[in-house]
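Have the viewer open and follow along.

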Amino acid sequence: MSQTSSTHERLIETYRKKAKHYDVTSRLYPAPGYPQRTQRLRAVRALGLRPGDTVVDIACGTGLNFPLLERAVGPGGRIVGVDLTDAMLARAQDRIETNGWSNVSLVQADAAGFDFPAGVNAILSTYAMTQVPECAEVIAHGAAALSGGGHWVVLDLKVPGYTPGWLAQLGTATVRPFASIDEWITRRPWEAIRAAMREELADVAWTELFFGTAFLAAGSR
Ligand SMILES: C[S@@+](CC[C@H](N)C(=O)[O-])C[C@H]1O[C@@H](n2cnc3c(N)ncnc32)[C@H](O)[C@@H]1O
(Lines give C-alpha, C1' and ligand atoms only; values in the text may rest on other atoms or scores of the structure.)
Protein backbone atom coordinates (compact mmCIF):
# COMPACT_ATOMS: atom_id res chain seq x y z
CA MET A 1 0.00 0.00 0.00
CA SER A 2 1.37 3.44 -0.94
CA GLN A 3 2.01 6.13 1.68
CA THR A 4 -0.94 8.18 0.33
CA SER A 5 -3.45 5.34 0.44
CA SER A 6 -2.45 4.28 3.96
CA THR A 7 -2.80 7.92 5.13
CA HIS A 8 -6.24 8.06 3.51
CA GLU A 9 -7.28 4.76 5.09
CA ARG A 10 -6.28 6.07 8.52
CA LEU A 11 -8.11 9.34 7.96
CA ILE A 12 -11.27 7.65 6.68
CA GLU A 13 -11.27 5.23 9.63
CA THR A 14 -10.95 8.16 12.05
CA TYR A 15 -13.78 10.15 10.49
CA ARG A 16 -15.99 7.06 10.24
CA LYS A 17 -15.76 6.86 14.02
CA LYS A 18 -16.41 10.59 14.43
CA ALA A 19 -19.23 10.95 11.90
CA LYS A 20 -22.17 10.01 14.11
CA HIS A 21 -21.46 12.62 16.78
CA TYR A 22 -19.49 15.11 14.66
CA ASP A 23 -22.16 17.83 14.63
CA VAL A 24 -22.19 17.92 18.42
CA THR A 25 -18.52 17.37 19.18
CA SER A 26 -17.40 19.88 16.54
CA ARG A 27 -19.09 22.63 18.56
CA LEU A 28 -16.12 22.31 20.91
CA TYR A 29 -13.66 22.37 17.99
CA PRO A 30 -10.86 23.41 18.21
CA ALA A 31 -11.47 24.45 21.84
CA PRO A 32 -14.43 25.31 24.07
CA GLY A 33 -15.31 28.98 23.58
CA TYR A 34 -14.16 29.11 19.96
CA PRO A 35 -16.83 31.05 18.00
CA GLN A 36 -17.40 28.30 15.48
CA ARG A 37 -20.67 29.58 13.96
CA THR A 38 -19.44 33.17 13.70
CA GLN A 39 -16.31 32.05 11.86
CA ARG A 40 -18.34 29.91 9.44
CA LEU A 41 -20.58 32.92 8.76
CA ARG A 42 -17.52 35.06 8.09
CA ALA A 43 -16.16 32.49 5.68
CA VAL A 44 -19.44 32.20 3.78
CA ARG A 45 -19.80 36.00 3.58
CA ALA A 46 -16.28 36.19 2.11
CA LEU A 47 -17.48 34.00 -0.79
CA GLY A 48 -19.57 36.92 -2.07
CA LEU A 49 -22.29 34.52 -3.24
CA ARG A 50 -25.39 35.66 -5.10
CA PRO A 51 -28.66 33.84 -5.70
CA GLY A 52 -28.25 31.31 -8.49
CA ASP A 53 -24.51 30.80 -7.93
CA THR A 54 -22.71 27.44 -7.85
CA VAL A 55 -20.41 26.79 -4.89
CA VAL A 56 -18.12 23.85 -4.10
CA ASP A 57 -17.59 22.93 -0.42
CA ILE A 58 -14.33 20.95 -0.42
CA ALA A 59 -14.04 18.37 2.42
CA CYS A 60 -17.59 19.31 3.40
CA GLY A 61 -17.86 16.64 6.12
CA THR A 62 -21.44 16.37 7.42
CA GLY A 63 -22.46 19.57 5.62
CA LEU A 64 -22.37 22.03 8.50
CA ASN A 65 -21.85 24.87 5.99
CA PHE A 66 -24.80 23.87 3.81
CA PRO A 67 -27.53 25.89 5.62
CA LEU A 68 -25.44 29.06 5.26
CA LEU A 69 -24.59 28.29 1.63
CA GLU A 70 -28.23 27.48 0.85
CA ARG A 71 -29.32 30.81 2.23
CA ALA A 72 -26.75 32.57 0.02
CA VAL A 73 -27.36 30.78 -3.31
CA GLY A 74 -31.08 30.13 -2.91
CA PRO A 75 -33.07 27.34 -4.57
CA GLY A 76 -31.85 28.43 -8.02
CA GLY A 77 -28.22 27.95 -7.02
CA ARG A 78 -26.17 24.79 -6.65
CA ILE A 79 -23.97 23.35 -3.90
CA VAL A 80 -21.45 20.57 -4.54
CA GLY A 81 -20.10 18.91 -1.39
CA VAL A 82 -16.91 16.87 -1.76
CA ASP A 83 -15.39 14.61 0.90
CA LEU A 84 -13.19 11.54 1.22
CA THR A 85 -15.12 9.84 4.02
CA ASP A 86 -18.28 7.88 3.19
CA ALA A 87 -19.68 8.12 6.74
CA MET A 88 -19.34 11.92 6.83
CA LEU A 89 -21.10 12.13 3.46
CA ALA A 90 -23.87 9.86 4.75
CA ARG A 91 -24.56 12.43 7.50
CA ALA A 92 -24.47 15.19 4.88
CA GLN A 93 -27.04 13.23 2.83
CA ASP A 94 -29.29 12.96 5.93
CA ARG A 95 -29.06 16.75 6.31
CA ILE A 96 -30.00 17.26 2.63
CA GLU A 97 -33.03 14.98 2.94
CA THR A 98 -34.17 16.45 6.28
CA ASN A 99 -34.11 19.93 4.77
CA GLY A 100 -35.59 18.88 1.43
CA TRP A 101 -32.80 20.55 -0.57
CA SER A 102 -32.84 19.50 -4.21
CA ASN A 103 -29.85 21.59 -5.31
CA VAL A 104 -27.07 19.90 -3.32
CA SER A 105 -24.99 17.08 -4.76
CA LEU A 106 -22.32 15.07 -2.99
CA VAL A 107 -19.15 13.57 -4.42
CA GLN A 108 -16.92 11.10 -2.60
CA ALA A 109 -13.42 12.06 -3.70
CA ASP A 110 -9.97 13.05 -2.57
CA ALA A 111 -9.71 16.83 -2.77
CA ALA A 112 -6.32 16.35 -4.43
CA GLY A 113 -7.85 14.56 -7.41
CA PHE A 114 -11.18 16.36 -7.60
CA ASP A 115 -12.14 17.76 -10.96
CA PHE A 116 -13.69 21.15 -10.13
CA PRO A 117 -16.66 22.07 -12.34
CA ALA A 118 -15.55 24.71 -14.83
CA GLY A 119 -16.86 28.20 -14.17
CA VAL A 120 -17.80 27.58 -10.54
CA ASN A 121 -18.64 30.85 -8.75
CA ALA A 122 -17.02 30.09 -5.39
CA ILE A 123 -15.06 27.45 -3.47
CA LEU A 124 -15.05 27.00 0.30
CA SER A 125 -13.10 24.72 2.61
CA THR A 126 -13.48 24.80 6.40
CA TYR A 127 -11.31 22.96 8.93
CA ALA A 128 -9.97 20.54 6.38
CA MET A 129 -7.44 21.98 3.94
CA THR A 130 -4.50 21.74 6.39
CA GLN A 131 -5.19 17.98 6.50
CA VAL A 132 -4.59 17.65 2.78
CA PRO A 133 -0.89 17.22 1.99
CA GLU A 134 -1.48 18.49 -1.57
CA CYS A 135 -3.29 21.63 -0.35
CA ALA A 136 -1.33 23.95 -2.68
CA GLU A 137 -2.34 21.89 -5.71
CA VAL A 138 -5.98 21.88 -4.58
CA ILE A 139 -5.91 25.69 -4.31
CA ALA A 140 -4.41 25.87 -7.82
CA HIS A 141 -6.91 23.44 -9.38
CA GLY A 142 -9.81 25.30 -7.77
CA ALA A 143 -8.48 28.70 -8.84
CA ALA A 144 -8.21 27.53 -12.45
CA ALA A 145 -11.87 26.43 -12.43
CA LEU A 146 -13.27 29.62 -10.87
CA SER A 147 -15.29 32.01 -12.97
CA GLY A 148 -13.94 35.57 -13.32
CA GLY A 149 -14.36 37.36 -9.98
CA GLY A 150 -15.15 34.07 -8.21
CA HIS A 151 -13.86 33.60 -4.66
CA TRP A 152 -11.80 30.86 -2.98
CA VAL A 153 -12.09 30.88 0.84
CA VAL A 154 -10.27 28.70 3.36
CA LEU A 155 -11.04 28.70 7.10
CA ASP A 156 -8.77 26.46 9.13
CA LEU A 157 -6.51 26.05 12.14
CA LYS A 158 -2.88 26.99 12.55
CA VAL A 159 -0.23 27.28 15.21
CA PRO A 160 0.00 30.84 16.57
CA GLY A 161 3.27 32.66 15.92
CA TYR A 162 5.80 32.88 18.75
CA THR A 163 4.26 30.01 20.70
CA PRO A 164 6.41 27.74 22.84
CA GLY A 165 6.53 24.23 21.35
CA TRP A 166 4.78 22.61 24.33
CA LEU A 167 1.88 25.06 24.09
CA ALA A 168 1.55 24.57 20.36
CA GLN A 169 1.38 20.81 20.93
CA LEU A 170 -1.33 21.21 23.54
CA GLY A 171 -3.31 23.66 21.43
CA THR A 172 -3.21 21.53 18.34
CA ALA A 173 -4.22 18.25 19.94
CA THR A 174 -7.23 18.27 17.62
CA VAL A 175 -5.10 17.49 14.59
CA ARG A 176 -4.27 14.02 15.94
CA PRO A 177 -6.73 12.16 13.69
CA PHE A 178 -5.03 12.97 10.44
CA ALA A 179 -1.37 13.42 11.21
CA SER A 180 1.05 13.44 14.05
CA ILE A 181 1.09 16.85 15.68
CA ASP A 182 4.81 17.07 15.15
CA GLU A 183 4.35 16.43 11.45
CA TRP A 184 1.59 19.08 11.21
CA ILE A 185 3.61 21.68 13.13
CA THR A 186 6.71 20.97 11.07
CA ARG A 187 4.88 20.98 7.76
CA ARG A 188 3.05 24.27 8.58
CA PRO A 189 0.38 23.67 5.91
CA TRP A 190 -1.26 27.08 6.52
CA GLU A 191 1.89 28.66 5.04
CA ALA A 192 1.59 26.55 1.89
CA ILE A 193 -2.08 27.55 1.63
CA ARG A 194 -1.23 31.23 2.02
CA ALA A 195 1.55 31.04 -0.56
CA ALA A 196 -0.64 29.14 -3.04
CA MET A 197 -3.46 31.63 -2.69
CA ARG A 198 -1.06 34.51 -3.31
CA GLU A 199 0.32 32.72 -6.34
CA GLU A 200 -3.00 31.73 -7.89
CA LEU A 201 -5.48 34.46 -6.89
CA ALA A 202 -5.90 38.22 -6.71
CA ASP A 203 -6.81 40.43 -3.74
CA VAL A 204 -5.79 37.81 -1.20
CA ALA A 205 -6.83 38.67 2.35
CA TRP A 206 -5.35 36.76 5.30
CA THR A 207 -6.98 37.19 8.71
CA GLU A 208 -5.74 35.54 11.88
CA LEU A 209 -8.53 34.49 14.22
CA PHE A 210 -8.84 33.48 17.86
CA PHE A 211 -5.35 34.48 19.03
CA GLY A 212 -3.71 33.19 15.88
CA THR A 213 -5.02 29.62 16.30
CA ALA A 214 -7.16 29.88 13.16
CA PHE A 215 -7.13 31.80 9.88
CA LEU A 216 -9.46 32.96 7.18
CA ALA A 217 -7.88 33.24 3.75
CA ALA A 218 -9.82 34.65 0.81
CA GLY A 219 -8.89 35.51 -2.74
CA SER A 220 -10.57 35.97 -6.10
CA ARG A 221 -9.86 35.05 -9.69
C1 LIG B 1 -12.64 18.45 10.61
S2 LIG B 1 -13.66 17.80 9.32
C3 LIG B 1 -14.33 19.30 8.64
C4 LIG B 1 -15.63 19.06 7.96
C5 LIG B 1 -16.37 20.31 7.48
N6 LIG B 1 -15.64 21.01 6.46
C7 LIG B 1 -16.67 21.23 8.63
O8 LIG B 1 -16.28 22.40 8.58
O9 LIG B 1 -17.31 20.78 9.59
C10 LIG B 1 -12.45 17.35 8.09
C11 LIG B 1 -13.08 16.68 6.86
O12 LIG B 1 -12.10 16.66 5.83
C13 LIG B 1 -12.24 15.45 5.11
N14 LIG B 1 -10.98 15.24 4.39
C15 LIG B 1 -9.73 15.13 4.91
N16 LIG B 1 -8.83 14.96 3.94
C17 LIG B 1 -9.51 14.98 2.76
C18 LIG B 1 -9.13 14.87 1.40
N19 LIG B 1 -7.86 14.67 1.03
N20 LIG B 1 -10.08 14.95 0.45
C21 LIG B 1 -11.39 15.14 0.80
N22 LIG B 1 -11.81 15.25 2.08
C23 LIG B 1 -10.88 15.16 3.05
C24 LIG B 1 -12.56 14.43 6.18
O25 LIG B 1 -13.17 13.27 5.63
C26 LIG B 1 -13.51 15.23 7.08
O27 LIG B 1 -14.83 15.06 6.69
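## Two positive phi values

Let's start in the loop between β1 (54-58) and α4 (66-73), which is where Ala 59 sits. Keep in mind that this is a predicted model. Phi of Ala 59 is near 60°, so we have a positive value in a residue other than glycine.

Tyr 127 is another non-glycine residue with a positive phi, about 55° here. Look for Tyr 127 in the loop between β4 (120-126) and α6. Is Tyr 127 buried or exposed? Its relative accessibility is 5%, so Tyr 127 counts as buried.

## The nonpolar cores

Now for the inside. In soluble globular proteins, nonpolar side chains tend to be buried together. The largest nonpolar core in this model has 60 residues. Which of them touch the most other members? They are Val 56, Ile 58, Phe 66, Leu 69, Phe 116, Met 129 and Trp 152. Strand β5 (residues 146-157) supplies the largest share of this core, with six residues.

Skip its neighbours within four places in sequence, and Phe 66 is still in contact with Asp 57, Cys 60, Ile 79, Gly 81, Ala 92, Arg 95, Ile 96, Trp 101, Val 104 and Leu 106. There's also a second, separate core of eight residues, and its members include Ile 12, Tyr 22, Ala 87 and Met 88.

## Helix α6 against helix α9

Helix α6 (residues 135-145) packs with helix α9 (residues 189-200) at about 25°, and the axes are 8 Å apart. With angles under 35 degrees counting as roughly parallel, α6 and α9 are therefore roughly parallel to each other. The crossing of α6 past α9 is right-handed.

Who makes the contact? On the α6 side, Cys 135, Ala 136, Ile 139, Ala 140 and Ala 143 do the work. On the α9 side, you'll find Pro 189, Ala 192, Ile 193, Ala 196, Met 197 and Glu 200. Sort the α6 and α9 contact by class and you get ten nonpolar residues, no polar ones and one charged.

Glu 137 is found in helix α6 too. Glu 137 is partly exposed, with a relative accessible area of 42%. Between Glu 137 and Ala 109 there are 15 Å in space, C-alpha to C-alpha, and the pair is 28 residues apart in sequence.

## Helix α1 against helix α5

Helix α1 (residues 3-19) and helix α5 (residues 86-99) form another packed pair, with an angle of about 35° and axes 7 Å apart. From α1 the contact takes Ile 12, Tyr 15, Arg 16 and Ala 19, and from α5 it takes Asp 86, Ala 87, Met 88 and Arg 91. By class, that's five nonpolar, no polar and three charged residues for α1 with α5. Ile 12, Ala 87 and Met 88 are also in the second core.

## A stop at Val 107

Last one: Val 107, in strand β3 (residues 104-108). Val 107 has 28% relative accessibility, so it counts as partly exposed. Val 107 and Val 82 are 25 residues apart in sequence, yet their C-alpha atoms are 4.8 Å apart in space. Leaving out neighbours within four places in sequence, the contacts of Val 107 are Val 80, Gly 81, Val 82, Asp 83, Leu 89 and Phe 114.

Conventions:
Residues are numbered from 1 along each chain as its sequence is written. This is a predicted model: local features need pLDDT of at least 70, side-chain atom pairs count only at pLDDT 80 or more; totals for chains, interfaces and linings use all residues. Side-chain values use heavy atoms; hydrogens and water are left out. A nonpolar core is a set of buried Ala, Val, Leu, Ile, Met, Phe, Trp, Tyr and Cys residues joined through side-chain atoms within 4.5 Å. Buried means under 20% relative accessible area, exposed over 50%, partly exposed in between (1.4 Å probe, protein chains only). Helices (H or I, at least four residues) and strands (E, at least two) are DSSP runs, numbered from the N terminus. Contact means heavy atoms within 4.5 Å. Axes are lines fitted to C-alpha atoms, for helices over the stretch in contact, and angles run from 0 to 180 degrees between N-to-C directions. Angles under 35 degrees count as roughly parallel, over 145 as roughly antiparallel, 65 to 115 as roughly perpendicular and the rest as oblique. A crossing is left-handed if the near helix is turned anticlockwise from the far one by less than a right angle, and right-handed if clockwise. Ala, Val, Leu, Ile, Met, Phe, Trp, Tyr, Cys and Pro count as nonpolar, Asp, Glu, Lys and Arg as charged, and the others, Gly among them, as polar.
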